[in-house]
Amino acid sequence: MDGLTNSEQQILADRIQKWQMKQFMGIFGNLVDSCFTSCVDDFQSKALSGRETGCLSRCVSKWMATNERMGERFAELNAAEMERQQRGGR
Amino acid sequence: MFGFGQPKLSSEEKIAAVENEIKVMTEMQTRMAKICSQKCLDRTYREGELSKGEASCLDRCSVKFFEAHTTISEQLQKEQAAKGGMMGR
């Protein structure tokens, strides 16, 4: 990758992995916040209702599907952009 | 961004450059997913799968987000260049 030696790639991979762990905590927190906000709005009881639990679960599924889709689109767009830049095009 | 014909970089600089590139890209993708879900998803969550409408909204949103990114960055670069001619570059 970009002319890095094996040991440099190892250092890079370690750093990225550590960074991703930290990122993950933030992303996980955002997911909980967003699904909680959308799904839980009744505080007559302290237990999550069946409806709320179902909503949370669908919210997570949808989030995963969204992320997967956005990952694919992002890769495509990024590849097209790289190509455009390499051609020196505007 | 980073690329061709650069002067020799130290090992650390090379790693940092790729590291930065990966982080910038990952962050952009995360932001894009977050913002486009806010704009496209039905928040009642009656379904756990993406509807056709949501999926095509996400696809269009991603293209627009990317384009907005490019447009804004080009404008900033232009204005920066016009203003900061003295700072070299």
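This is a predicted model: local features need pLDDT of at least 70, side-chain atom pairs count only at pLDDT 80 or more; totals for chains, interfaces and linings use all residues.
Residues are numbered from 1 along each chain as its sequence is written, chains are lettered from A and ligands numbered from 1 in the order in which they are written, and side-chain values use heavy atoms, with hydrogens and water left out.

Contact (heavy atoms within 4.5 Å) involves 40 residues of chain B and 36 residues of chain A. The buried area, that is, the accessible area (1.4 Å probe) that two parts lose on being put together, summed over both, is about 3,400 Å² between chain B and chain A, and carbon and sulfur atoms give 65% of this area. On the side of chain B, the three residues B:Ile15, B:Tyr45 and B:Phe66 supply 19% of the area buried against chain A, which is more than any other three residues.

Across the interface of chain B and chain A, seven salt bridges are found. There are also twelve residue pairs in polar contact between chain B and chain A, both residues being at pLDDT 80 or more; a polar contact is a pair of N or O atoms within 3.5 Å, where within protein one must be able to donate a hydrogen and the other to accept it, and residues adjacent in sequence count only if both atoms are side-chain atoms.

The elements that give two or more residues to the side of chain B touching chain A are helix H1 (11–40) and helix H2 (52–83) of chain B, helices being DSSP runs (H or I, at least four residues) numbered from the N terminus. The largest share of that side, 19 residues, comes from H1(B).

Within chain A, the domain assignment gives domain 1 (9–38) and domain 2 (50–90), the bounds coming from an automatic or database domain assignment. The centres of domain 1 and domain 2 of chain A, taken over C-alpha atoms, are separated by 16 Å, and the contact takes four residues from domain 1 and four residues from domain 2. Between them, domain 1 and domain 2 of chain A bury about 430 Å², 92% of it on carbon and sulfur atoms. In domain 1 of chain A, A:Ile27, A:Leu31 and A:Cys35 lose the most area to domain 2, together 84% of what that side buries. Across the interface of domain 1 and domain 2 of chain A, zero salt bridges are found, and zero residue pairs are in polar contact (both at pLDDT 80 or more).

How values were computed
A salt bridge is a side-chain nitrogen of Lys or Arg within 4 Å of a carboxyl oxygen of Asp or Glu.
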